[in-house]
Amino acid sequence: MRELKSMDGNNAAAHVSYAFTEVAAIYPITPSSPMADYVDQWSAQGRKNIFGTTVKVAELESEAGAAGAVHGSLTAGALTTTYTASQGLLLMIPNMYKIAAEQLPSVFHVSARTVSTHALNIFGDHSDVMACRQTGFAMMAETNVQEVMDLSAVAHLAAIKGGLPVLNFFDGFRTSHEVQKIQVWDYEDLAEMCDFDAIKAFRDHALNPEHPAMRGSHENGDIFFQHREACNSHYDAFPAVVEEYMDKVNAKLGTDYKLFNYYGAPDADRVIVAMGSICDVIEEVIDYLNAHGEKVGLVKPRLYRPWVSARFCEAIPASCTKLAVLDRTKEPGSAGEPLFQDVITALAQEGRSIGTVTRGRYGLGSKDTPPSSVFAIYAELAKDEPKREFTIGIVDDVTNLSLPEDENCPNTAAEGTIECKFWGLGGDGTVGANKNSIKIIGDHTDKYVQAYFQYDSKKTGGVTVSHLRFGDNPIKSPYYINKADFVACHNPSYITKGFKIVQDVKPGGVFLINCQWNLEELEHHLDAASKRYIAENNIQLYTINAIDLAIKVGMGKRTNTILQSAFFTLANVMPAEDAVKYMKDAAEHSYAKKGMDVVEKNWNAIDAGATAFVKVDVPASWASAEAAPVDVALEGPAATVAVVKKILNPIGKMDGYSLPVSAFAEPHRQDGRLQPARLRLRRPGRRPVPPGRLRL
C-alpha cells in the first residue's frame, strides 16, 4: 500500500515529475511556481530520480527561454520537464509546435490559469490550456489532488513510450493549492512501469556528432503538406498507449481510469460533460439526486488530445436524452467553446443521436462553482426546452444566459464533515498556520482532510480566507465553505468594515474574534445584522486578544501560532496534549533555521493560546438590534460616484460575488476601464472635504 501524506496538487505533480525527469527548465509563474520550487529543493538535497541521478534544474530568464531550453535539452537526449501557466504557457507555444512535431517525450505540467483579457486575473480557468490545442501536444486533465498523483505518472509513461509530449493540466489554485490526504507513489513502482527500451530509443535518436542528422529544415509548398500529414498514424496510436498505462496504474491501485470515465446512474437521462475540479462537485450532486430517485450522470474526459470520439460515445449511457457540456473558458464569437465543439463533432462522427445538447460556461477567473450551480444545470435539463447556451455561478441580467440557483440547496458534503473558515490578512501567518493545522490533522489522525486557501490578488496585505474540512469519510468538495462549524476572524478591522463573516457560521457553531475589545467595545463594533444573527442562531461567541499576547510572549505582530492553538482547543479535533505536541513539532520544523530562541517563543505562544480565549455571554438585546442611520454622501462626477457605489463599495466589503453582469455592461466599462475622477465625501455636520482629498 502506498504511503498516505497530506499535500497539494503542485506537490503531487512535482513528486511524480521528479521521478521521470533528468532536466527541469523553469521560470516561475503563479500558481505553478511551487512545482518548480519543490523540484529545485529536492535537486539541491540530492534526491534521486528513477534513473539514479539528480535532476539538473536550470532557471531561465523567461517562459519562452524555458521552452527553448526544454526543446534543446530534449534534442540532446535528456528527459526534460517544465511547469507553467497562463501567459507563461502562451509564451511557450512556438516551441511547443516544434517539440510536438519532432515527437519529443516531454511533459509540461500546467496549473491552468486565466489568460488576461479586459483585466489581469491570476486565478484559474482553462483559457490557457485551450489555446494550446493546435500545437500537437497530447493533453490530459485531472480532477483532484489524488488524480494528479495517479495520472501524472500516466502522462510521463505515455510520453516516453508513445513518443509525444503531454500537456498535463489541473485547475490552478483550486487543485494546485488544495491540500488533501492522498496515497503517494513509491518510485520503485514508477520505475517498474517505465519502458526503458523506449528511453534508449529516444536517446539514440538524439543529436550526436557520432551519427549526425539534419533537423529544423526548410520545406516549400511542394512537400510540406504531405510531410505534415505523415504523423497521423503516430497520433492514432497514442490513445492506446495511454490506455495501456492507465490499465497498469489501475492494476496497481485498484482504480478505474479510462480515456473517458462515466459516473452516475447506468440509465441516466441527463448527463453533464466536464473536465477539472468541478467534476467532484458534480459527483456530490449526482449522489444526492440519484439517491432521491433521479437518474443523472457525468462524463469526464481524461485524455483531451488526441480526442477519441468512439471512446467518448461509449461512455454516454444509451438512455441519455439531454447532454450539457461545460467549458471553463470563453471564446467570444465562436459557435461554441472547445469542449462543446469536440462533443458535437464526436456525436456526428459516431452517428450518435441525443435529443438535446446544451453548452455552458463556468468558473472563469476562479469563480466558485458550488453544488447549487450543478443542481441548476440538472434542473434546466429536466425542462422540455432547456437553454441551449447558459452560464452558472453569476447573475447575467444583460444577455440573460445565467441559470437561477437556489442558495438553500441541499448539503451534499460527506456526512459528518467538519467545516472551518479563517479570515486573515496576507502575510500575517494565518494561511501558514492553517496549512500546518490541516497537515497535523491529516497526518496524525485517521480523518480525511481538505484545505483550500482563498487569496486576494495583492497577496501580502490582502484578505485571505482559509477553508478547512475534515471528517471520517472521503471529502470531494472543491468549493468554498459557506456555512461552517467554526469561523475565526483574525483581523478585527474586518468586523469594523462590516464584512459578512459571522453569517458564515452554522446555527450553534463557534465564532472566534481576535481583538482587544471588551464587551462594550465589541457591541459598538459589531453591526446590527451580525448581532441579530448571533442571537437568533445560538452562535457560540468567543474573543481572544492574541495581539497583546503575541507581544507579551515575544512574537511581535505574529499572532498566527496563538490563534492556531486556540482553534485546536475549541474545535476539539484531537486530545489537547496531542495537538500541542504536534503544533510544537511543526513550529520547530518551520523555524529551527532561525534559531532555538524563535522556536521557544512559538512554543510559548502555543501554550498561551490554548486557553487565552474568553466566552462572550450574548446579551438578549442583540436579538432585536437595529442599525443606526448613517448618512454619507459622495460628491463628484456622476459616473465616478456610480462606479464607487455599484462596484467598488461591494468589492471593498468582500461582496463582489453578488454583482450582476449589468454592473459592468456600460459601453465605457466593457473593455475594463474605470474612469478616474476626484470624489468628495460629506457627512452631516462636517466641513466639505477639498477636492482630491478623502476623509472618512
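Visitor: What is the relative accessible area of Arg-203, and how do I read that value?

Guide: Arg-203 comes out at 34%, which is partly exposed. Buried is under 20% relative accessible area, exposed is over 50%, and partly exposed sits in between, using a 1.4 Å probe and protein chains only. Before we go on: this is a predicted model, where local features need pLDDT of at least 70, side-chain atom pairs count only at pLDDT 80 or more, and totals for chains, interfaces and linings use all residues. Residues are numbered from 1 along each chain as its sequence is written, and side-chain values use heavy atoms, leaving out hydrogens and water.

Visitor: Which residue does Arg-203 meet in a salt bridge?

Guide: The general idea comes first. Side chains of opposite charge can pair when their charged atoms come close. The rule here asks for a side-chain nitrogen of Lys or Arg within 4 Å of a carboxyl oxygen of Asp or Glu. For Arg-203 the partner is Glu-22, at 2.3 Å, N to O. Glu-22 sits in the loop between α1 (9-20) and β2 (23-26), while Arg-203 is in helix α9 (residues 196-204), so this pair ties together parts 181 residues apart in sequence. Helices (H or I, at least four residues) and strands (E, at least two) are DSSP runs, numbered from the N terminus. Glu-22 itself is buried, at 17%.

Visitor: How many salt bridges does the rule give?

Guide: The count is 33. One of them joins Arg-302 and Glu-147 at 2.5 Å, N to O. That pair links distant parts of the chain, with Arg-302 in the loop between β11 (296-301) and β12 (303-305) and Glu-147 in helix α7 (residues 145-162), 155 residues apart. Arg-302 is buried at 3%, and Glu-147 is buried too, at 6%.

Visitor: And what about Lys-476 and Glu-283?

Guide: Their closest N and O atoms are 2.7 Å apart, a salt bridge. Here Lys-476 lies in the loop between β18 (463-471) and β19 (484-489), and Glu-283 in helix α12 (residues 278-291), 193 residues apart. Lys-476 is partly exposed at 24%, whereas Glu-283 is buried at 5%.

Visitor: Which residues are linked in a network of salt bridges?

Guide: Glu-337, Arg-359, Arg-361 and Glu-389.

Visitor: How much of the whole protein is buried?

Guide: Buried residues make up 54% of the 696. There are 24 helices and 24 strands in the protein.
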